[in-house]
Amino acid sequence: MTEYGRGPGSEPWHPEDPLYGDQGWGGQQPAHGQSQYGGQQPDPYAQQQPQEPYAQQPQDPYAQPQDPYTQQHQVPYGQQQDQYAQPQDPYAQQHQSQYQQQPSYGTPQDPYAQQQPYNGGWDTGQQPAAMPYEGQPDPAYGYGQTNDYYGTPEAYPPPQPPNRREAEPAPAQNPDWDPEVQPEETHPFFTGADDGKAKDDDYDEDDPRESRRGDSGGERRGKGKKKKGRSGCACLVVSLVLAGGLGGVGYFGYSFYKDKFGSAPDYAGSGSGSVEVEIPKGAYGYDIGNILKKAGVVKSVDAFVSAQNENPKGKSIQAGVYLLHEEMSASEAVKMMVDPKSQNLLVIPEGTRNVAVYAMVDKKLGLKKGTTQGVAKSKKSDLGLPDWASKNKDIKDPLEGFLYPAAYPVTKETKPEAILEKMVSRSNEEYKDLGLEAAAKKYKLDGPWQVLTVASLVQAEGLTHDDFRKMAEVVYNRLKPDNVATNRKLEFDSAFNYLKNQSEIKIRSNEIRTNPDPYNTYYHAGLPPGPIGNPGDEALRATISPTASGWMFFISLDGKKTQFTKTVAEHEKLNEKFKELHDLD
């Protein structure tokens, strides 16, 4: 069965169905819109059982009322109706109860009137005339009593054509339902009723939407709708929950404000005791603060960062080892760290010879004199020297030139070999960045080793940055094969002082010119076997980028200022003056 009546399928109805028909006819129902008599129209004047034309049956409360002004007048009794006169509504009712009376102008509707065939269009709004029958249909011919499937409360109303449709009524199971009225809340918490039942007092009599159903489903005498009341206890619970939530939000907001904008925890005063703290290279404010906090110097990282930002010299804190106090204020810690005296550093000045470096390490670590020099000699191959380091047997110290001048943090537990290894590693980094190999090819030197040797000579003889560049040009000019002024001899006093482990200005000519040591540049042409010290960054850069002005000679009359000349005559005049000042022959 379809939603709106029997379908046109070929399956028969259940045998208990009164319309099942005579089994002698094959037990099949006629097709939709056809007669059981083989397609022939039944004789409208056949003798039928008398029927009460005005038998009243209960009307379907949801049936769509027919418009009396568009209803077509019924055909009088005894007049044949033209079945092709008016197109039939395809959704019109297929069967009507024999007892249901069709509203008209007093004329009863024949329940067995032949339906018009469906032509695919909508009805014009006029009700087709039904052919009346006189008498009761004979069940023997397959006509039994039909049930009205739209007359029950559980049925849906039949569809209407578009020009006749109206808003759908409420479902049959709830005739009082109003879609515009929101359902009433029935939970005891919101209604305020202790027993879950609605109270009868407190109604709004002016509300036209007030439901009039009582607890038993009957009508309520009074008008109005019950208001949604809340008991005092429920309101108190809600208030407490809201107050607790606001309190929690306020607490966390205050904590967040304290963490982000409040003053950071900090100690007071300059502290006590002594703490040795090492700050690595590349450490910044928060990194330094974390190290100090772990060492017990400051109370919080934020306090240190804030104090560092407030101090004008706070950003100048360098890598190294600092001697600080325990539980000191962040501002005092920053003040001590920007003071060089608080740093526990081993500072190697530019141009320092290795013998001096070894002595400084022994003193800093509290070691016996000569301890570091012995370690350097015994472990020279384990300290990380580059492959291009010279293996010349005339070299006095293979580490000369590789103890890069800088500040190295040390602690009481630091070993000499650890410090030496750091120095060699630092020199390797700096020399690689400067590109010593490229400079050796440019100035026709025998590899980076000789470039480093030139830089050590420039560092020892020059006094200023400008001196360094001019001094580098003097070295390169004297090394040229066509140099006839000095015959490729450098004649540097600094090299003689190195071999003598001294720093003398007053050196007699007969002494310096007769010493055959390989490092004596007055005796041997070309460069010495190796560096004579540890050059700094300025001397190294000047060696790579010298001047090109033709400087060949230099001399310092007072040890504070260097004078450069290009000819032998100019140099001899300054040399005579120098001998007079220092009483030299």
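Let me begin with Arg-426, which is partly exposed at a relative accessible area of 25%; the class runs between buried, under 20%, and exposed, over 50%, with a 1.4 Å probe and protein chains only. This is a predicted model, in which local features need pLDDT of at least 70 and side-chain atom pairs count only at pLDDT 80 or more, while totals for chains, interfaces and linings use all residues. Residues are numbered from 1 along each chain as its sequence is written, and side-chain values use heavy atoms, without hydrogens and water.

Arg-426 meets Glu-430 in a salt bridge, at 3.1 Å from N to O; the term requires a side-chain nitrogen of Lys or Arg within 4 Å of a carboxyl oxygen of Asp or Glu. The two residues lie four apart in helix α8 (residues 416-434), so about one helical turn separates them. Helices are DSSP runs of H or I of at least four residues, strands are runs of E of at least two, and both are numbered from the N terminus. Glu-430 is buried, at 17%.

The structure holds eight salt bridges. Among them is Lys-335 with Glu-332, whose closest N and O atoms are 3.7 Å apart. Another joins Lys-393 and Asp-394 at 3.6 Å; Lys-393 is exposed at 75% relative accessibility, and Asp-394 is partly exposed at 32%.
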